[in-house]
Amino acid sequence: FEEVYGLKAEVLQVEELDKDEMKERCRKFASWDWIYGHKLEFQHEISNRFRWGQIVLQFQVRNGRVQDVNIFSDCLKSELIKRIGEHLKGIPYSKNKICDELRGYLPVEEEEQKIINEIISWLEQIEL
């Protein structure tokens with residue numbers, strides 16, 4: 001630190017730190033707005049193979065929100081896959097928000113619900 005910044009470093013004990021300031025900084029740096037809200041536009045792609053087929057999700061993210069989603073799959077439920085992508089546009093780019101959105105999706109048939117549940121289980125296990 002001293003070498004890089006040319007300043008004198010002091011060792012502080014935990015007891016010497018301002019507890020209110022530490023709480024405020026923890027709250028700020030853990031907030032969704034700090035982590036995602038002020039980032040540059042970016043793209044992220046994830047994929048997985050399931051028993052029903054391969055799925056590839058491409059996210060276009062701007063200001064921490066999903067602007068667009070491309071989903072490619074060899075799943076025989078192609079309309080379901082298309083609707084999933086449309087359902088995720090505009091939500092915050094966060095694993096929890098994406099999973100919550102998918103949990104709220106009402107599929108037409110039982111097989112579609114199983115596919116949605118498998119996608120949610122997969123997303124819960126990965127890092128975005």
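A residue counts as buried when its relative accessible area is under 20%, as exposed when that area is over 50%, and as partly exposed in between. The model discussed here is predicted.

Helix α6 shows how these terms apply. On one side of the helix, Glu110 and Gln125 are exposed. The buried residues of α6 are Glu112, Ile115, Ile116, Ile119, Ile120, Trp122 and Leu123. They cover an arc of only 165° around the axis, which puts them on the same side of α6. An α-helix has 3.6 residues a turn, so residues three or four places apart point the same way. The cover over the buried residues of α6 includes strands β1 (42-50) and β2 (53-62) and helices α4 (78-88) and α5 (95-103).

Next come the aromatic rings, which form four pairs. One of them joins Phe42 and Tyr93, with ring centres 5.5 Å apart and 75° between the planes, an edge-to-face arrangement. This pair links distant parts of the chain, since Phe42 lies in strand β1 and Tyr93 in the loop between α4 and α5, 51 residues apart. Phe42 has 26% relative accessibility and therefore counts as partly exposed, whereas Tyr93, at 2%, counts as buried.

Tyr93 also pairs with Phe59: the ring centres are 5.4 Å apart and the planes are at 65°, so this pair is edge-to-face. Phe59 belongs to strand β2 and is 34 residues from Tyr93. Both Phe59 and Tyr93 are buried. Phe42, Phe59 and Tyr93 form one aromatic cluster.

Note on methods. Residues are numbered from 1 along each chain as its sequence is written. This is a predicted model: local features need pLDDT of at least 70, side-chain atom pairs count only at pLDDT 80 or more; totals for chains, interfaces and linings use all residues. Side-chain values use heavy atoms; hydrogens and water are left out. Buried means under 20% relative accessible area, exposed over 50%, partly exposed in between (1.4 Å probe, protein chains only). Helices (H or I, at least four residues) and strands (E, at least two) are DSSP runs, numbered from the N terminus. The arc is that of the directions from the helix axis to the C-beta atoms. Contact means heavy atoms within 4.5 Å. Rings of Phe, Tyr and Trp (its six-membered ring) pair if their centres lie within 6.5 Å; planes under 30 degrees apart count as stacked, over 60 as edge-to-face and the rest as tilted.
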